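Let's learn to read a protein model together, one feature at a time. Keep the picture open while we talk.

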Amino acid sequence: MTITKKAKAKKTATNAKAVKAPKTAAKKKAVPAATTPDPAPAPRAVTSGAGIRVRMYRVGFGDFFLVRVPSADGDKFILIDCGVHHVDIKSMPAAAQQMAQDCGNKLALLIMTHRHADHISGFGSCAAIFKQFEVERVWMSWFEEPTNKAAMAFQAGLTASALRAGQALTLRLAAKGGVDDETEQLLAMAQNATGGMAAAGGTTPNQTALNVLHGGFKNKPAYDYYIAGDTPALPDSLIAAGLTAQIIGPPSDLTLVKQMTNKAQQYLDADRSDDDAPAPPRPPFPAAFRAAADAYPPQAFHFYDAARIVQLIDEVQPDLLAAQARAADSTLNNQSLMVHFAFAGKNLLFVGDAQWGNWENFLYGGAYSAGRTALTAKAKALLGAIDFYKVGHHGSANATPIDAVKAMRDGCAGMCSTQIDAYPGVPRGPLLTALSTMMHGQLARSDQVAAGDAQAEPTADRLPAAFKSGPNGTLYIDYSL
C-alpha cells in the first residue's frame with residue numbers, strides 16, 4: 001500500500017511509553033493549487049437531479065452510511081463505516097449488496113472512523129462484495145497508521161486486553177447458565193473491540209475486516225491517517241464536485257483520548273444517572289500475597305477449603321473485567337475520526353462514536369477546565385452552521401455533549417444509527433428528545449424502517465416526513481440536502 005500522508009501530532013505531556021502521534025507537515029506546507037477547492041464553485045450540471053444525499057442502512061446496532069455527491073461527470077460516493085455487532089439483524093449482506101448497486105462498485109472516498117465491530121464488521125463479512133470495488137482514497141485516524149509502531153502496539157494491547165476479558169466473561173456467563181444481563185452487556189463490549197473470538201489461525205473478525213480495508217479492493221487506494229486539525233487530501237473527483245472537508249478529531253493527546261465521560265455534559269434519565277459510569281477496578285493482589293494452597297497450614301482451611309476460597313475470590317473479579325471491557329470499548333470510541341463536510345452551502349458533521357475526550361478537544365480546544373469552559377470560535381461557527389448531524393455513538397449519553405447540542409443550528413437535521421434494547425439506556429431518551437426538539441422533528445433512527453428479507457420490523461415510531469425510506473419502507477433511510 002502506498003501511504004500518501006501522515007497525520008500531524010501536537011506536543012503532549014504523555015509519558016515515554018505513550019503512543020507517539022505521527023509527524024506531518026500538513027500545516028507547514030501549503031496545499032497544492034491543483035487540490036485546493038474553489039470556495040465558491042461555479043454552477044455545475046447535476047446528473048442525479050438533487051443535492052448531496054445521506055443514506056443510512058438498517059443493519060441493527062451499527063454504522064453504515066453512504067453519501068452521494070452530485071458532480072458534472074456523474075455522482076460520486078463516500079462510504080462512512082460498514083458494520084454491525086450487538087443485535088445483528090442479519091441484513092448486512094443485503095445492505096452491502098444494495099450499497100454496491102447504489103454506487104456502482106465505485107467509491108471516491110471510504111472513511112473508517114474507528115475499529116469497532118459495529119463500524120467495520122461488514123468489510124470482513126462482505127469481503128467478496130468489496131473485492132469488486134474501486135476506491136480512490138481511504139481515510140482513517142492516526143491510530144491506524146501501519147508505520148507508527150507505537151500506535152500499532154497500542155492497538156494490539158487493546159485487542160489483547162479485550163480478548164482476555166471476553167474469554168473470562170464467556171466462562172462466567174456459561175457458569176451462570178448463560179443468563180446474566182450485566183455479564184452479557186460487558187461481553188458485548190469486549191467483543192465489539194475484537195469482533196468476537198479469534199479464528200483457528202489467530203485472526204480476530206475485526207482484524208479480518210481491517211485486512212480488507214488495507215488491501216481487499218479491486219485496486220490499490222491512497223491511504224491517509226489523520227489527527228484533529230489536519231488538512232485532509234480529498235480525491236480529485238470530490239474536489240472537482242466542490243466538496244471540502246475538515247478533520248476535527250481525534251486528538252493526539254492520549255490523556256484526552258482516555259477521557260470517557262463528563263456527567264455534567266450528559267443528557268441523563270432521572271432514574272438512570274449513573275449507568276454509564278464504569279466501576280473502579282479493584283487492584284490485583286501484590287505478589288507477596290500470592291501462593292499455592294499447599295503453602296498454607298491445614299488450619300487455614302478450617303472454614304473454607306481451597307477450591308471454595310478460589311471461587312470466592314473469583315466472584316469479585318467482574319469489577320476488574322468490567323473495567324477492562326469498558327476501557328477497551330471507550331478508548332476505541334475516542335479514536336473516532338470526526339469529519340466536517342461542506343458542499344453547495346450545506347454542512348455535514350460525522351463523528352463516529354466520539355466520546356467526551358474527543359469532543360472536549362474540538363469544543364474547547366483542549367481539556368475542559370476551570371479556565372477553559374467556553375466553546376472556541378471555530379467550534380461555535382462550525383456547529384452553528386450545521387445542516388446535518390450524524391448522531392454520535394448510536395445515541396449514547398457519553399457522546400454528543402450538551403454544549404454541542406446547544407451550539408448546533410436550530411432546525412438542522414440528524415440521523416441516528418441505533419437499535420432499541422441493544423444496550424441499557426441506548427439510545428438515550430433525553431438526548432434524542434433534545435436533538436429532535438432542536439431539529440424541529442427532523443431526526444431519523446435506523447430502526448424506524450424494516451430490514452427487508454431479514455424480517456426485522458421497525459422498533460421505533462414512524463419515520464419523520466423529511467426522510468425517505470427504501471422500497472416498501474425497508475433497508476435504508478435517505479436525507480437529501
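Q: Which residue stands opposite leucine 349?
A: Strands of a sheet pair through backbone hydrogen bonds, either parallel or antiparallel. In this predicted model, leucine 349 stands opposite tyrosine 389 in strand 11. Two strands count as paired if DSSP finds at least two bridges between them. Helices (H or I, at least four residues) and strands (E, at least two) are DSSP runs, numbered from the N terminus.

Q: Before we go on, how should I read the numbers and values?
A: Residues are numbered from 1 along each chain as its sequence is written, and side-chain values use heavy atoms, with hydrogens and water left out. As the model is predicted, local features need pLDDT of at least 70 and side-chain atom pairs count only at pLDDT 80 or more, while totals for chains, interfaces and linings use all residues.

Q: What is the strand order in the open sheet of six strands?
A: The order is 8-9-10-11-12-13, with mixed pairing. Strand 8 (244-249) and strand 13 (443-445) are at the edges with a single partner strand each, so one side of each has no neighbour in the sheet. On average, neighbouring strands are turned by 15° against each other, direction ignored.

Q: Which strands does helix 11 touch?
A: Contact means heavy atoms within 4.5 Å. Helix 11 (residues 356-364) packs on the sheet and touches strand 8, strand 9 (338-343), strand 10 and strand 11. Its direction makes about 120° with that of strand 8; axes are lines fitted to C-alpha atoms, for helices over the stretch in contact, and angles run from 0 to 180 degrees between N-to-C directions. Helix 14 (residues 429-438) lies across strand 11, strand 12 (413-416) and strand 13, at about 140° to strand 13.

Q: How do I describe two packed helices?
A: Two packed helices are described by the angle between their axes and the distance between the axes. Helix 4 (residues 149-175) and helix 5 (residues 181-192) pack at about 155°, with axes 9 Å apart. They are therefore roughly antiparallel (under 35 degrees is roughly parallel, over 145 roughly antiparallel, 65 to 115 roughly perpendicular and the rest oblique). The residues of this contact divide into seven nonpolar, four polar and two charged. Here Ala, Val, Leu, Ile, Met, Phe, Trp, Tyr, Cys and Pro count as nonpolar, Asp, Glu, Lys and Arg as charged, and the others, Gly among them, as polar.

Q: At what angle do helix 2 and helix 6 cross?
A: The axes of helix 2 (residues 117-125) and helix 6 (residues 205-213) cross at roughly 65° and come within 7 Å. That makes helix 2 roughly perpendicular to helix 6. Helix 2 contributes Ala117, Ile120, Phe123 and Gly124 to the contact.

Q: Where are the cis peptide bonds that join glycine 249 to proline 250 and valine 426 to proline 427?
A: Proline 250 is in the loop between strand 8 and helix 8 (254-257), and omega of its cis bond is about 10°. Proline 427 lies in the loop between strand 12 and helix 14, with omega about 0°.

Q: What is the mean pLDDT of the protein chain?
A: pLDDT is the predictor's confidence in each residue, from 0 to 100. The mean is 86, and 83% of the residues reach 70 or more. Over residues 24-47 the pLDDT is below 50, and it stays under 50 over residues 271-282. Where pLDDT is low, the predicted coordinates should not be read in detail.
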